[in-house]
Amino acid sequence: MEYTEKTKKAMRLCLKAHEGQVDKGGFPYVFHPIHVAESVTGESCCVVGLLHDVVEDCPDYPLDKVVEIVGLNEEEKVALNLLTHKEGVPYEEYCKALSGNRIARKVKIADLRHNLDLRRMMGQGLP
């Protein structure tokens with residue numbers, strides 16, 4: 001895949017937003033969204049994959065700021081918003097809402113696959 005300016009902006013923001021964060025296995029957290037982005041096809045899915053935890057986990061980057069920095073289109077903005085699990089929303093409801101969106105669904109499946117890889121949590125490499 002050729003990296004467009006939008007993908008490069010998403011990668012830079014992902015790196016900056018997750019700087020200093022570590023996962024449960026002790027690895028830099030940023031490896032997770034990079035892995036998710038590499039696991040999907042198409043630029044929109046890759047960009048949203050890179051950003052899928054930014055709005056939820058990084059208070060300095062609300063949705064509108066991310067949209068502006070990266071230049072997300074409406075479809076990507078909607079997908080990223082759906083992937084942001086809002087406080088108080090039951091998980092089942094959250095999953096049901098995002099399942100109807102092509103980009104959000106693909107990114108969430110890649111996210112879940114990586115989250116379920118026990119090697120990641122046991123510090124046994126960087127799958």
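A polar contact of 3.3 Å joins the side chains of His52 and His32, where a polar contact is a pair of N or O atoms within 3.5 Å; within protein, one must be able to donate a hydrogen and the other to accept it, and residues adjacent in sequence count only if both atoms are side-chain atoms. The model is a predicted one, in which local features need pLDDT of at least 70 and side-chain atom pairs count only at pLDDT 80 or more, while totals for chains, interfaces and linings use all residues. Residues are numbered from 1 along each chain as its sequence is written, and side-chain values use heavy atoms, with hydrogens and water left out.

His52 has a second polar partner, as its side chain also meets that of Asp111 at 3.2 Å. The residue sits in the loop between helix 3 and helix 4; helices here are DSSP runs (H or I, at least four residues), numbered from the N terminus. With a relative accessibility of 3%, His52 counts as buried (under 20% relative accessible area; exposed is over 50% and partly exposed in between, with a 1.4 Å probe and protein chains only). Leaving out residues up to four places away in sequence, His52 touches His32, Pro33, Val36, Leu80, Leu83, Val107 and Asp111, contact being heavy atoms within 4.5 Å.

Turning to helix 2, this element contains Ala37, which is buried at 6% relative accessibility. Ala37 and Gly49 are 12 residues apart in sequence, yet their C-alpha atoms are 4.4 Å apart in space. Beyond its neighbours within four places in sequence, Ala37 is in contact with Cys46, Gly49 and Leu50.

Helix 1 covers residues 5–17, and its 13 residues should span 18 Å at 1.5 Å a residue, in agreement with the 18 Å between its end C-alpha atoms; the expected span is 1.5 Å times one less than the number of residues. Lys6, Thr7, Ala10, Leu13, Cys14 and Ala17 are buried in helix 1. These buried residues fall within an arc of 125° seen down the helix axis, so they line one face, the arc being that of the directions from the axis to the C-beta atoms. Their cover includes helix 2 (31–38), helix 3 (43–51), helix 4 (54–57), helix 5 (63–70) and helix 6 (74–83).

Finally, the structure holds 1 aromatic pair. The ring centres of Tyr91 and Tyr94 are 5.5 Å apart and the planes lie at 45°, so the pair is tilted (rings of Phe, Tyr and Trp, its six-membered ring, pair with centres within 6.5 Å; planes under 30 degrees apart are stacked, over 60 edge-to-face and the rest tilted). Both residues belong to helix 7 (residues 91–99), 3 residues apart. Tyr91 is partly exposed at 41% relative accessibility, whereas Tyr94 is buried at 6%.

Key: Helix = DSSP H or I, 4+ residues; strand = E, 2+ residues; numbered from the N terminus.
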